[in-house]
Amino acid sequence: MSDRYALHALFGGTFDPIHYGHLKPAEALAQLTGLEKVTLLPNNVPPHRPQPEATSEQRVAMVKLAISDNPLFDLDLREMQRDTPSYTIDTLAALRRERGDRQPLAFIIGQDSLLTLHKWHRWQDLLSLCHLLVCQRPGYRSEMETPELQRWLDRHLTTQPQVLQQSPAGNIFLAETPLIDISATEIRARRHRGESDVDLLPPAVSDYIDREGLYRNL
């Protein structure tokens, strides 16, 4: 399969900071589905969350450090260049225009995001532009909120990873990725309490946080 038709995935987030809970499930997804590339898309103004503690420049620097020796990952800064909220549908539409109609594209989300997907901006249009790869998250239910939403999920579910490579968009794959119970909130809270976070994120990122004095005691 040529690069043009290889399965590529997009993974958005605040990455405040990036940690193993982002990286390890994405690596497991690559093994499960044959992903050739995972493009990280740091948000500038996340529409559904509190604003980041680290600056945009600091969050980008941490992502670069985290992926510097891993060829699976690359970085796309287009959402950082917006001063308005970063809506996934707009980014996916732009990427689809750039990649063409035949490139298989997937968007990585957690199980928690799947359960609230119906609250996203123009959520019904997402599957016209990409597949959804859903990582398990500890403590979240597996059923959608309403029977109608569950029927929507059931219509688009596939258990066959090869289907993702055979079509450009339209499928949902529930991945048996490692259940890694790590959050950026926990890391920031540890830092605020003066506790170590070296088991939660790459050493280069932890060292950068030390040098920059990020997430200090409140």
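I started with Cys130, which counts as buried because its relative accessibility is 0% (buried is under 20% relative accessible area, exposed over 50%, partly exposed in between, with a 1.4 Å probe and protein chains only). I'm working on a predicted model, where local features need pLDDT of at least 70, side-chain atom pairs count only at pLDDT 80 or more, and totals for chains, interfaces and linings use all residues. Residues are numbered from 1 along each chain as its sequence is written, and side-chain values use heavy atoms, with hydrogens and water left out.

Next I searched the whole structure for disulfides and got zero (a disulfide being a pair of cysteine sulfur atoms within 2.5 Å). Cys130 is in none, and the nearest cysteine sulfur to it belongs to Cys135, 14 Å away.

Then I turned to the second largest pocket, which holds about 180 Å³ of space. For the record, on a 1 Å grid over the protein atoms alone, a pocket is an open set of points with protein on both sides within 12 Å along at least five of seven lines, and lining residues have an atom within 4 Å of a point. Points are joined across faces, edges and corners, and the volume is the space filled by probe spheres set on them.

I noted 13 lining residues, with Leu23, Ala66, Asp69, Asn70 and Pro202 closest to the centre.

Note on methods: 1 Å grid on protein atoms, 1.4 Å probe; cavity = no way out; pocket = protein on both sides within 12 Å on 5 of 7 lines; lining within 4 Å.
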